[in-house]
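Q: I would like to go through this structure with you. Could we begin with the ligand and then turn to the protein around it?

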Amino acid sequence: MSKRLLLKDMVSTDKIEHVPSNYIRPLTQRPNLQDVVHDPIPVIDLQDLRGPNRGHVIEQIGRACRDDGFFQVTNHGVPEAIIANMMRITREFFELPEEERLKVYSDDPAKVTRLSTSFNVRNEKVASWRDFLGLPCYPLEDYIHEWPNNPASFRDIAAEYCKSARGLALELIEAVSESLGLDKDYITRQLGKHGQHMALNYYPSCPQPDLTYGLPAHTDHYVLTVLLHDEVPGLQLLKDGKWVAVRPIPNTFIINIGDQIQVMSNGKYKSGTHRVVVNCDKERISIPTFYSPSPDAVIGPAPQLVTDDEPAMYRQYTYGEYDGKVWSNGLEKCLDMFLVENNSNHVAV
Ligand code: OGA
Ligand code: NI
């Protein structure tokens, strides 16, 4: 049997019965699925964000960002048809024959539009149980010609979805900014010529889900994530030291705060820790939209949130520096490397 580049083909064509050894986590780092709890996570109705009760919604968003960094949103303004089309076309893409999918395969993290597997196969010790298609989305005209054109309507549908998801992300970033007592456009101003990209994640079913992860525990290192997922459970959030399984609700999004907002808020808001587990029966599809700063954007705690009592927790850096650390260190938490206390030798410029 030749070695497969993509996990889907190893699972569905080779019909493996055991998790290969390179996917098995050490004993102390396994999911312990029996310990997972089922608490609800906050659901925030965004309808009132556009009306006289805006202040009330802002308050709910602020609370969720302080508590755990996650919430779900309803009445988010992304039409159901756009969501359904995006899910359908993603499924169709992953159902293409192996040789067709391999045309867009690459293991080079410097290549932004690519189908790959796990996280970074070039430097990780243990692999993760997923394939993913990375799609840079903004500015769209710079990237759309690199996107797959099979299925035939892929580009049109994904472009429509990412414009809608971007509108929602922007609205939420403004609300988060306001909830911190900053100008509504404070955060967006700091981001410079911002970026947006999506990952189309495909987690095949797995014969031994207690040995491996779709994605191990991590925070998203961007600004904010708008996650669309299908009806198959798999996402888990860390809350008060316990893993909480998210029950998917159709036509809602999971929102999580990313590392950059944790830094700008001077640690007041949490970049939510999450992970993905897999299951024996069903494949799972998820589509996170990530909103990120320009590589040359200078990120640091907002001056209005730094006081004598609450000095700056993080040093300033360019987003390019942060992003480089993530790709060289893997999914490990990078935030701590930018703590002021870990940078006492750092000379401010
Ligand atoms: C991610 C991620 C969650 C999911 O891609 O960073 O956390 O449910 N995805 O797939
Ligand atoms: Ni994530």
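Q: What classes of residue make up the shell around ligand 1?
A: This is a predicted model. In it, the shell around ligand 1 has seven nonpolar, four polar and two charged residues.

Q: Which residues come nearest to ligand 1?
A: Of the 13 residues around ligand 1, the nearest are Tyr-203, His-218, His-274, Arg-284 and Ser-286.

Q: How many Å separate an oxygen atom of ligand 1 from an N or O atom in the side chain of Tyr-203?
A: For the side chain of Tyr-203, that separation is 2.6 Å. The side chain of Ser-286 also has an N or O atom 2.5 Å from an oxygen atom of ligand 1. For His-218, a polar side-chain atom lies 3.1 Å from a ligand oxygen.

Q: And how much of the accessible area of ligand 1 does the protein cover?
A: On its own, ligand 1 has 290 Å² of accessible area, and the protein covers 94% of it.

Q: Which elements give two or more residues to that shell?
A: They are strand S5 (195-203), strand S6 (215-218), strand S11 (274-276) and strand S12 (284-292). The largest share, four residues, comes from S12.

Q: Let us change topic to helix H9. Which residues of H9 are buried?
A: Helix H9 spans residues 319-329, and Tyr-319, Tyr-322 and Val-326 are buried in it. These three cover an arc of only 60° around the axis, so they are on the same side of H9.

Q: Why do residues three or four places apart point the same way in an α-helix?
A: An α-helix has 3.6 residues a turn, so residues with that spacing point the same way.

Q: What do the buried residues of H9 pack against?
A: They pack against helix H8 (259-264), strand S13 (298-299), strand S14 (317-318) and S12. S12 is also the strand that gives four residues to the shell around ligand 1.

Q: Next, Ser-179. Where does it lie?
A: Ser-179 lies in helix H6, which runs over residues 154-179.

Q: Is Ser-179 buried or exposed?
A: Ser-179 has a relative accessible area of 18%, and buried means under 20%, so Ser-179 counts as buried.

Q: What does the side chain of Ser-179 reach?
A: It reaches the backbone oxygen of Val-176 at 2.7 Å. The side chain of Ser-179 also makes a polar contact of 2.6 Å with the side chain of Tyr-269. Leaving aside neighbours within four places in sequence, Ser-179 is in contact with Ile-58, Gly-62 and Tyr-269.

Q: Moving on to Gln-236, which strand holds it?
A: Gln-236 is in strand S8, residues 235-239. Gln-236 is buried, at a relative accessible area of 5%.

Q: Which side chain does a polar contact join to that of Gln-236?
A: The side chain of Arg-275 is joined to that of Gln-236 by a polar contact of 2.8 Å. Not counting residues up to four places away in sequence, Gln-236 touches several others, including Trp-243, Val-244 and His-274. His-274 is also one of the residues that come nearest to ligand 1.

Q: What about Val-244: where is it found?
A: Val-244 is found in strand S9, residues 242-245, and counts as buried at 1% relative accessibility. Beyond four places in sequence, the residues that Val-244 touches include Val-36, His-38, Asp-39 and Gln-236.

Q: How many Å separate the C-alpha atoms of Val-244 and Arg-275?
A: They are separated by 10.0 Å, and the two residues are 31 residues apart along the chain.

Methods: Residues are numbered from 1 along each chain as its sequence is written. Chains are lettered from A and ligands numbered from 1 in the order in which they are written. This is a predicted model: local features need pLDDT of at least 70, side-chain atom pairs count only at pLDDT 80 or more; totals for chains, interfaces and linings use all residues. Side-chain values use heavy atoms; hydrogens and water are left out. A residue is near a molecule or strand if one of its heavy atoms lies within 4 Å of it. A polar contact is a pair of N or O atoms within 3.5 Å; within protein, one must be able to donate a hydrogen and the other to accept it, and residues adjacent in sequence count only if both atoms are side-chain atoms. Accessible areas come from the Shrake-Rupley method with a 1.4 Å probe; for residues, only the protein chains shown count as cover. Ala, Val, Leu, Ile, Met, Phe, Trp, Tyr, Cys and Pro count as nonpolar, Asp, Glu, Lys and Arg as charged, and the others, Gly among them, as polar. Buried means under 20% relative accessible area, exposed over 50%, partly exposed in between (1.4 Å probe, protein chains only). The arc is that of the directions from the helix axis to the C-beta atoms. Contact means heavy atoms within 4.5 Å.
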